[in-house]
Amino acid sequence: MNRILACLLLFTAFLHADEFDPKDNTIVLGKRVGLIKPGMTSTDIERAYGKGSLKQQKIPGAEGEEIDGAKLFAGTDRELEIVWDPDNDKKQVVFDIRVMGKAWKFENGLKSGMTVEEVEKINGKPFKIAGFEWDYGGYANFEGGKLEGKVSIRFSPTTENIPEYLSGDKQLSSTDKKLRAAKPLVDEGISVFMK
């Protein structure tokens, strides 16, 4: 009986080995970033990746503020910035994850350096982008589509002399010809929402 139970446990572990591979750098929006899943705590992450892999520290936020967080695999091509849920002061529960290292791969093909048109294809429909040259400039607003509520992406124009029409606190359509002429690309540090 014990031998059958041991074989069954081994078989189950083999079937789900990919779920526990600490070298898995796949991001599946709404489900996981590597081994990190929604609702996980700092203790869970350390258990998955090892104690020395997670360093508690303040993470840069909007308008110069700093927020509670940690870095996983700091200084490597697998670096992640993890922001803790500000509404849960009893435990450090993952709120969102900023993908900093180049080793991470989105299952849907999303990555830094993409054009507006490429992101539009992944989203499945047009979206809005905040005007450039201010604190929230270049952030995408996905109201509808496959990326809604799952990621935060910031675009930066790659041409010089941005027309005033594209600057400031306003929303521009991803289909706007003047916007596309500025050739904006996705910045590094895509944030994945884990709540």
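**Where does Asn123 lie?** Asn123 lies in helix H3 (helices are DSSP runs of H or I with at least four residues, strands are E runs of at least two, both numbered from the N terminus). This is a predicted model, where local features need pLDDT of at least 70, side-chain atom pairs count only at pLDDT 80 or more, and totals for chains, interfaces and linings use all residues. Residues are numbered from 1 along each chain as its sequence is written, and side-chain values use heavy atoms, leaving out hydrogens and water.

**View 1. Asn123 and its surroundings.** With a relative accessible area of 1%, Asn123 is buried (buried means under 20% relative accessible area, exposed over 50%, partly exposed in between, using a 1.4 Å probe and protein chains only). Its side chain reaches the backbone oxygen of Lys125 at 3.1 Å. Leaving aside neighbours within four places in sequence, Asn123 touches Phe142, Gly144, Gly145, Lys146, Leu147 and Glu148 (contact means heavy atoms within 4.5 Å).

**View 2. Tyr49 meets Phe73.** Searching the whole structure turns up four aromatic pairs (rings of Phe, Tyr and Trp, the last by its six-membered ring, pair if their centres lie within 6.5 Å; planes under 30 degrees apart count as stacked, over 60 as edge-to-face and the rest as tilted). In one of them, Tyr49 and Phe73 have ring centres 5.2 Å apart and planes at 85°, so this pair is edge-to-face. Tyr49 sits in helix H2 (residues 42–49) and Phe73 in the loop between strand S4 (66–72) and strand S5 (80–84), so the pair ties together parts 24 residues apart in sequence. Both Tyr49 and Phe73 are buried.

**View 3. Phe127 and Phe155.** Here the ring centres of Phe127 and Phe155 are 6.0 Å apart and the planes are at 20°, so the pair is stacked. Phe127 belongs to the loop between helix H3 (116–123) and strand S8 (128–130), while Phe155 is in strand S11 (residues 155–156), 28 residues apart. Phe127 and Phe155 are both buried, and together with Phe142 they form one aromatic cluster.

**View 4. Inside the largest nonpolar core.** This core has 43 residues, and Ile36, Val119, Ile153 and Phe155 have the most contacts inside it (a nonpolar core is a set of buried Ala, Val, Leu, Ile, Met, Phe, Trp, Tyr and Cys residues joined through side-chain atoms within 4.5 Å). Zoom in on Val119: neighbours within four places in sequence aside, its contacts include Leu110, Met114, Phe127 and Val186.

Note on methods:
A polar contact is a pair of N or O atoms within 3.5 Å; within protein, one must be able to donate a hydrogen and the other to accept it, and residues adjacent in sequence count only if both atoms are side-chain atoms.
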